[in-house]
Amino acid sequence: MNAPPVQQLRETLAALHAELVRYELVTWTSGNISARVPGANLMVIKPSGIDYSDLTPASMVVCNLDGELVEGDHAPSSDAAAHGYVYREMIHVGGVVHTHSTYATAWSARAEAIPCVLTAQADEFGGEIPVGPFALIGGDAIGKAIVDTLSQHRSPAVLMRNHGVFTIGRDARAAVKAAVMCEDVARTVHLARVLGEPLAIDPADVDALYERYQSVYGQP
Ligand SMILES: [Zn+2]
């Protein structure tokens, strides 16, 4: 299969940003998705400060992996440098998502990792959903924090302390799936804790669930 050209990635990203709205992961103009342009040191990313209802394939922008605008009519997302840092350091990553989704961000405000107490969490995240350090926007601080934390976990999602969620995937759609699942897990584990103390899943069972889901689940 040929690598997706920029125009195809623009269309994919416009459609995926609508999914963030549909799953209620974003408010106002917060949140963003990017996709690596295969074979080039480039990414396609959401423009800064544009209403979700106004996002189109044409409004997406192309940046280099330092987060600088290469092609497009708008300024790139203010998180572009963080996305670019992830692509520079994690060559297997083809998509990055950032949201302030409510329940996951509530865990991040307490700097508490989400313990692995659901089989669906073991499937998708392979264990706890970790917390990354506090980092101010600008420069490489957020990108470095994302990479440092995710490099030590199987989870494709990290809860950045006092901020929100960053997820990675082999492509943008996989990163969006991780963002949707992260919020779902954060909500359910929160509710479980309100009712009592959630029960941990044996690490060997977490491994077995993760292995099965990552290798054989779904359509062949
Ligand atoms: Zn943010």
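Tutor: Glutamate 24 is exposed, because its relative accessible area is 66%, and a residue counts as exposed when that value is over 50%. Please keep in mind that you are looking at a predicted model. You can find glutamate 24 in the loop between α1 (6-22) and β1. Its backbone deserves a look too: phi is positive, at about 60°, although glutamate 24 is not a glycine. Most residues other than glycine have a negative phi. The loop between α1 and β1 also holds tryptophan 28. Tryptophan 28 is not a glycine either, and its phi is positive, near 50°. With a relative accessible area of 73%, tryptophan 28 is exposed.

Now step from that loop into the sheet. Eight strands make up an open sheet with mixed pairing, and their order is β4-β3-β2-β1-β5-β8-β7-β6. At the edges are β4 (69-71) and β6 (131-132), each of which pairs on one side only. Let's visit the β4 edge. There, β4 and strand β3 (residues 61-64) pair in the antiparallel sense over two bridges. Valine 62 stands opposite glutamate 71 in β4. Glycine 132 has methionine 160, in β7, as its bridge partner.

Stay with β7 for a moment. Are its faces covered or open? Both are covered: Ala157 and Leu159 are buried on one side, and Val158 and Met160 are buried on the other. Helix α3 (residues 102-109) lies across β5 (95-99), β7 (157-160) and β8 (164-169), and it runs at about 55° to β7.

Another helix to find is α2 (residues 80-89). Seven of its ten residues are buried, so α2 is largely enclosed by the rest of the structure. The buried ones are Ala80, Ala82, His83, Gly84, Tyr85, Val86 and Tyr87. These residues pack against β1 (32-37), β2 (42-45), β5, α5 (141-150) and β8.

The next stop is the metal. Which residues hold the zinc ion? His98, His100 and His163 coordinate it, each through its NE2 atom, at 2.0 to 2.1 Å. Along the sequence, these donors follow the spacing H-x1-H-x62-H. Histidine 100, in the loop between β5 and α3, and histidine 163, in the loop between β7 and β8, are 63 residues apart, and this pair links distant parts of the chain. How accessible are those two? Histidine 100 counts as partly exposed because its relative accessibility is 37%. Histidine 163 is also partly exposed, since its value is 21%.

Glutamate 124 is part of helix α4, and it counts as buried because its relative accessibility is 9%. The cut-off for buried is under 20%. Setting aside its neighbours within four places in sequence, glutamate 124 is in contact with Pro156, Lys177, Ala178, Met181, Tyr210, Tyr213 and Gln214. Tyr210 and Tyr213 come up again in helix α7, where they and Val206 are buried. Seen down the axis of α7, its buried residues fall within an arc of 75°, so they line one face of the helix. They pack against α4 (119-125) and α6 (172-195). Helix α7 itself (residues 203-215) has 13 residues and reaches 18 Å from its first C-alpha to its last, close to the 18 Å expected at 1.5 Å a residue.

Let's finish in helix α6, with alanine 186. With a relative accessible area of 0%, alanine 186 is buried. What touches it? Apart from its neighbours within four places in sequence, alanine 186 is in contact with Tyr103, Ala104, Trp107 and Ile114. The C-alpha atoms of alanine 186 and proline 115 are separated by 9.5 Å, although the two residues are 71 residues apart along the chain. Compare where we began: glutamate 24 is exposed at 66%, whereas alanine 186 is buried at 0%.

Methods. Residues numbered from 1 in each chain as written. Predicted model: local features only at pLDDT ≥ 70, side-chain atom pairs only at ≥ 80, totals over all residues. Heavy atoms only, no water. Pairing = 2+ DSSP bridges. Helix = DSSP H or I, 4+ residues; strand = E, 2+ residues; numbered from the N terminus. Contact = heavy atoms within 4.5 Å. Axes fitted to C-alpha atoms, helices over the stretch in contact; angles between N-to-C directions. Buried < 20%, exposed > 50% of the residue type's maximum accessible area, 1.4 Å probe, protein only. Donors = N, O, S within 2.8 Å, 3.2 Å for Na, K, Ca; no water. Expected span 1.5 Å × (residues − 1). Arc of directions from axis to C-beta.
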